[in-house]
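Subject: Structure handover

Hello,

Here is the model I promised to pass on. Please load it before reading on.

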Amino acid sequence: MLEIRDLSVSFRGFEGKARVIENVSLEVRRGEKVALVGESGCGKSLTARVVFGLLEGGEVDIDGRVMLDETSLLPADQVVWSKIRGCRAAMIFQDPLAALNPVFTIADQMRAVTKNQPVGCIRDMLERVAIEDPDRVLAAYPFQLSGGMAQRVLIAMALINEPDLIVADEPATALDTRVQRQALDLLVEAITANGSSLLLISHDLGLVRQYTDRMYVMYAGNIVESGSTDQVLGGARHPYTQAMLAAVPQLDGALPKGIEGHLPDYHQPPPGCRFQPRCPHAAQECHVPVPLRLVDSGHEARCVFVGSSDVRSQRFHE
Amino acid sequence: MIGLFVLRRLGSGFLVLIGVSVLIFALARVMPGDPARLALGSSATSEQVEALRLQLGLNRSIPVQYLGFVTRAVRGDFGISLYSSRRVSTDIAETFPATLELVIVSTLLVGVLGVVLGVLAAMRRGTWTDKALQLVAVLGVVTPTFVWAVLLMLLFGFWLGWLPIAGRLSEWLLPPPHVTGLFIIDALLAGEWMLAGDALRHVVLPAVALSLPALGQTARLTRVNMIEVQRAPHIELMRAFGVPERSISFKYALRPASIPTLTIIGLEFVALFGNAFLVESVFMWPGMARYGVQTILNKDLNGLMATVMVMTILFVVVNTVTDIVIAYVNPRIQGTDAV
Amino acid sequence: MNRRGATRGRIAWYRFSRGRFQVIGLVIVSLVSVGALAAPLIAPYPEHAGRFVDVENIYRAPDAQHLMGTDAVGRDVFSRLLFAYRSSMLLSIVVLALAVPVGVIVGLCAGYLGGWTETVAMRITDIFLAVPSLVLAMAILGLFAPSLTMTMIAVAVGWWPWYARLVYNQTRSICTEEYITAAHVTGASATRMMFTEILPVTSGTVLTKMTLDMGFVILLGSSLGFIGLGAQPPTPDLGTMVAEGTALLPDVWWQPVFASLAILVVVLGFNLLGDGLRDLFGVES
């Protein structure tokens, strides 16, 4: 239903052209819950913004195709956007308190985003997201709400027009764990009930495991691995994904291994695989652009050592 | 509790008033030379000077003089003006409304036109409209008020002849019945449309000249704030939900962006009072500011102190009211007392 | 992260030089400063800045000998403007040299030390802020004989509280940052804290304001000169020169026009420069 094909985004700035997203392709089918995972700065939030046409300005170059069912979202124009935004696709932003206008009441803001819904719909929606006193919340200003409450308001906003696709950008990062779970439970429940699709952008693997069917792993503007959530989390093949999983703290108290190094300079990314400089298995073959290679049915990874019978590859795929 | 906040604000305002009165009194008494002799000139005899000194109470000690000043001031008695030979309070009562009318019109121009132009420039950011507006705004800020006054007078008064350039009303007209002292309002209240129109035409040029620097500054500030707010997450959210750009600019971005401007509108109002004398001189506007300048040039102590005190009272009142209104509108800051 | 060896200074200069207007501002300020400094050397008729009368040459329109014409007593307007720039720049420099240190110190102490110091200092600041600087300056000048020196003092008296308030607000917000508490714990003395920790952080804002104020002080000075409260004749003064010519407009137009332009240009220069600095330092107003 949502199809992103060969998306590339670059910014022109002080030091030249920064190629922050390169040839990213992903899709979300109807009714699916898909995760887009990666560390801060890898480009996942940008990808979300492209879907809604929120990247603008003379210094941005965007190439590729984005389709929502039959409608082209890239390239697109204002007319298309006004029909899609909020209606067929809705976004949930990262920091709920920052995403609400401080000088308008919740009621004002909810009314602003609601399109063609019956009277009383707003109040009902607030109740559906487990806000006990909707009238008080409606009359309140954002600074009077807690983070969890604000997040639920954002979820209500996203759901109110019954969109086909919801893109949640780090929907729970700003909240503590218990509140996180509540919010996401609500969201996923509502989505499943409506038959909508979800694109969950997160760096929290726990959430991904719990709530999504399929996932994409993104690193430095590239998709490096994709597949069903079980496949990827259970049997990761790309060195980055493996390292990421190894970095998750375990309950047995052992200190996790971080990943050495940092994201590449987008102005001068390494030729070929962008993970090379940090990859313990980097070799000559990694200097040329690597396509996604099939690991298993529905499971792909962008690494030269995938699907090869090379002794080296076998060693680190144990 | 807003009641407490109001009390605190009034309290500090009162303290400021006392402070200013002391300051200005001290200044007046510290100045070199004998006020009485200065007022009478060098040809006066010592008896005349002594008589005036007694009359002005200059032979008493400073604190006593101050107390006398304060007790009389509270009753509205500022003494006799050496310049006009009338009661200072009468002079001020006559001239104050004229300046008030001028400054109110200017403030409206600054607040309304400034914000509108700022928003316009922000919306059309990068285009020629934006650049032109920015240029006009900058010119407004850097050009002295009196230059604008003279320029406008030449352009619209002499060359084009569209607008009058002297006084508050055309010579053949009588002022409307006194209600507020503001001719436009009084004329409207009396139903005299033509009179109101005439008064309005007379106030246009001086008000525009007076407002231009502040107007330019407001426009620039609003523009910058608008552009910054446009990048805020909550605006991005509105956009992501398909709210039309028009609504975003004029409603959802404008309100947070204009708060800094509104906060200083009180200060602007008083600053305009300070600059008013420049346009009053050029346009022969019979206002308090011009009166104030005359008292200074003529070393009329009573008139000078009264003018300064009135301005300070105005400042304190306006700022207190502004602070209270802002606190009412923005409940968040009621708790903190910004010193 | 090392960005190809670009130092902060180079990045700053790059960003600054990209804005055409900031550079124009810098150019204007430099030209005016040079003009003001070298006035006695480059003015075509330096003696016209003093007592000088040449009845034969009054009210000459601009021509090859007098670029900006002559005034009511035959003095060359251009030369006088150069000297007027001198007074104005001097005014700005002295006013700021007086007002800024006082204001900054008051603000620092009030913000950092708190308690009685804070209350008293800020109340005094409020009192001075209550009277518009122009009115205060006029009052002082009216009471004490007007002259360039007196103008400097009068304006400085009204100007310092703005710096006090600016620095005070910044100090208060910085003081809530943890690194101040950390430094405090190491036993740094109050003076050391204020001047080595807090002051550098406020320097960007203060510098920006100072640059803008150079222009605004000149503006204020010219307003005072317009009503005769500035430098007294025969010393040339920008505002006075505008006022002198006004009565004869529009026929004898050159003095008020060129004097007005002179004011406009110098204030514009400082304004553009100041805006550039503001962008550079990332300052909030």
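This is a predicted model: local features need pLDDT of at least 70, side-chain atom pairs count only at pLDDT 80 or more; totals for chains, interfaces and linings use all residues.

Residues are numbered from 1 along each chain as its sequence is written, chains are lettered from A and ligands numbered from 1 in the order in which they are written, and side-chain values use heavy atoms, with hydrogens and water left out.

Chain C. Its secondary structure comes to 11 helices and zero strands. Helices (H or I, at least four residues) and strands (E, at least two) are DSSP runs, numbered from the N terminus. Chain C has 285 residues, and 53% of them count as buried. Buried means under 20% relative accessible area, exposed over 50%, partly exposed in between (1.4 Å probe, protein chains only). Take the contacts (heavy atoms within 4.5 Å) in chain C between residues at least 6 apart in sequence: 71% join residues at least 24 apart. The accessible surface of chain C is about 12,800 Å², with 66% belonging to carbon and sulfur atoms. Areas come from the Shrake-Rupley method with a 1.4 Å probe; for residues, only the protein chains shown count as cover.

Cores. A nonpolar core is a set of buried Ala, Val, Leu, Ile, Met, Phe, Trp, Tyr and Cys residues joined through side-chain atoms within 4.5 Å. The largest has 145 residues, and C:Leu81 and C:Trp159 touch the most other members. Helix 4 (residues 77-113) of chain C gives the largest share of this core, 13 residues. A second, separate core has 110 residues, among them A:Val20 and A:Cys121.

Surface patch. B:Leu155, B:Phe158, B:Trp159, B:Leu160 and B:Trp162 form a nonpolar patch with about 580 Å² of accessible area together. B:Phe158 lies in helix 7 (residues 145-159) of chain B. B:Phe158 counts as partly exposed because its relative accessibility is 47%.

Strands. In chain A, strand 1 (residues 2-13) runs antiparallel to strand 2 (residues 16-28), joined by nine bridges. Two strands pair if DSSP finds at least two bridges. Strands 1 and 2 of chain A form a hairpin with two residues between them. Eight bridges join strand 1 of chain A to strand 4 (residues 60-68), also antiparallel.

Best wishes

Technical notes:
Patches are made of residues with over 30% relative accessible area and no salt bridge: like charges are joined within 9 Å, nonpolar side chains (Val, Leu, Ile, Met, Phe, Trp, Tyr) within 5 Å. A salt bridge is a side-chain nitrogen of Lys or Arg within 4 Å of a carboxyl oxygen of Asp or Glu.
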